[in-house]
Amino acid sequence: MAEMAWRGAKVMHPRAVELGALYGVEIHVLSSFDEESPGTIITGGEKVEHLETRETVAGIVHDTDVARITLNGVRTGPGTLSKVFTPLAEKGISVDVIVESGIKEGVADIAFTVSRADFAEARSSVGEVARALGGSVEGEEGLAKVSVVGTGMLNRPGYAARMFAALGAEGIPIRMVSTSEIQVTCVIPAERVEEAVRRLHRDFELEEREDV
């Protein structure tokens with residue numbers, strides 16, 4: 001069997017493991033401190049599922065406890081994001097999706113989501129920061145998040161496009177987008193979330209479940 005070895009490797013990239021499983025390649029992860037050590041061997045077997053060819057999407061999830069806050073036209077530079085989010089952290093306010101627009105002439109828009117319970121306090125806190133940075137703040141409470149969840153999502157950009165197309169076909173506006181290795185998330189109006197979930201289940205050919 002073919003084998004691959006990396007000296008000094010500490011963390012395996014998920015994509016490397018996926019391709020090793022697909023092509024039956026035994027991966028040897030060796031230590032750069034002890035060349036006599038056998039290290040770690042990542043291998044498969046007859047029951048290992050080929051990740052590259054299986055259906056990536058595992059389910060659709062949603063959350064209706066979402067509010068969005070946007071700082072418009074704030075001056076940017078080193079430390080700007082810290083000025084915005086440190087006061088929130090000190091108040092124990094958790095922030096989820098964060099989007100910063102492209103910087104133009106030294107200013108940008110910064111948007112993020114919080115729970116509805118934290119909306120008023122968070123908006124008040126960042127309002128002071130926005131004004132100090134020459135900008136303004138606005139917010140929207142009636143929002144929800146809907147996510148397509150699976151494995152290796154960043155390696156398959158077609159799934160994000162498929163999700164956007166499904167929501168667009170229903171005329172559902174997308175306020176914000178966030179991606180990770182395991183999910184693509186869209187922030188949408190809360191009153192459209194059930195419609196969005198039904199359409200995504202249909203388009204991704206998933207069986208609807210009560211807990212989703």
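Predicted model: local features only at pLDDT ≥ 70, side-chain atom pairs only at ≥ 80, totals over all residues.
## Overall architecture

The chain contains five helices and nine strands. Read from the N terminus, its elements follow the order β-α-β-β-β-α-β-β-α-β-α-β-β-α.

Of the 212 residues, 35% count as buried. The accessible surface of the chain amounts to about 12,000 Å², and carbon and sulfur atoms contribute 50% of that area. Among contacts with a separation of 6 or more, 69% are between residues 24 or more positions apart.

## The six-stranded sheet

Six strands form an open sheet in the order β5-β6-β4-β7-β9-β8, and their pairing is antiparallel. From one strand to the next, the twist averages 25 degrees.

Within this sheet, β4 (residues 57-75) and β6 (residues 107-114) are paired in the antiparallel sense over seven bridges. Ile-69 is positioned opposite Phe-112 of β6. Helix α5 (residues 193-203) packs on the sheet and touches β4, β7 and β9 (183-189). The direction of α5 makes about 130 degrees with that of β4.

Thr-80 belongs to helix α2 (residues 80-90). Its relative accessible area is 7%, and Thr-80 is therefore classed as buried, the cut-off being under 20%. Beyond its neighbours within four places in sequence, Thr-80 is in contact with Arg-75, Ile-110 and Leu-133.

Gly-134 is found in the loop between α3 (119-132) and β7 (136-150). When neighbours within four places in sequence are set aside, Gly-134 is in contact with Gly-73 and Arg-75. The C-alpha atoms of Gly-134 and Val-74 are 5.5 Å apart, although these residues are separated by 60 residues in sequence.

## Salt bridges

The structure contains eight salt bridges. One of them joins the side chains of Lys-145 and Asp-96, with an N to O distance of 2.1 Å. This pair links distant parts of the chain, 49 residues apart: Lys-145 is in strand β7, and Asp-96 is in the loop between α2 and β5. Lys-145 counts as buried at 15% relative accessibility, whereas Asp-96 is partly exposed at 41%.

A salt bridge also forms between Glu-140 and Arg-175, whose closest N and O atoms are 3.1 Å apart. Because Glu-140 lies in strand β7 and Arg-175 in the loop between α4 and β8, the pair ties together parts 35 residues apart in sequence. Arg-175 is partly exposed, with 35% relative accessibility. Arg-192 and Glu-195 meet through their side chains in a salt bridge of 2.7 Å, N to O, and Glu-195 is partly exposed at 23% relative accessibility.

## A nonpolar surface patch

Phe-164, Ile-174 and Val-177 form a nonpolar patch on the surface, and together they have about 200 Å² of accessible area. Ile-174 is located in the loop between α4 (158-169) and β8 (176-179). With a relative accessible area of 33%, Ile-174 is partly exposed; patch members are required to have over 30%.

Technical notes
Residues numbered from 1 in each chain as written. Heavy atoms only, no water. Helix = DSSP H or I, 4+ residues; strand = E, 2+ residues; numbered from the N terminus. Contact = heavy atoms within 4.5 Å. Patch = residues over 30% accessible without salt bridge, like charges linked within 9 Å, V, L, I, M, F, W, Y side chains within 5 Å. Areas by Shrake-Rupley, 256 points an atom, 1.4 Å probe, with all protein chains shown as cover. Salt bridge = Lys/Arg side-chain N within 4 Å of Asp/Glu carboxyl O. Buried < 20%, exposed > 50% of the residue type's maximum accessible area, 1.4 Å probe, protein only. Pairing = 2+ DSSP bridges. Axes fitted to C-alpha atoms, helices over the stretch in contact; angles between N-to-C directions.
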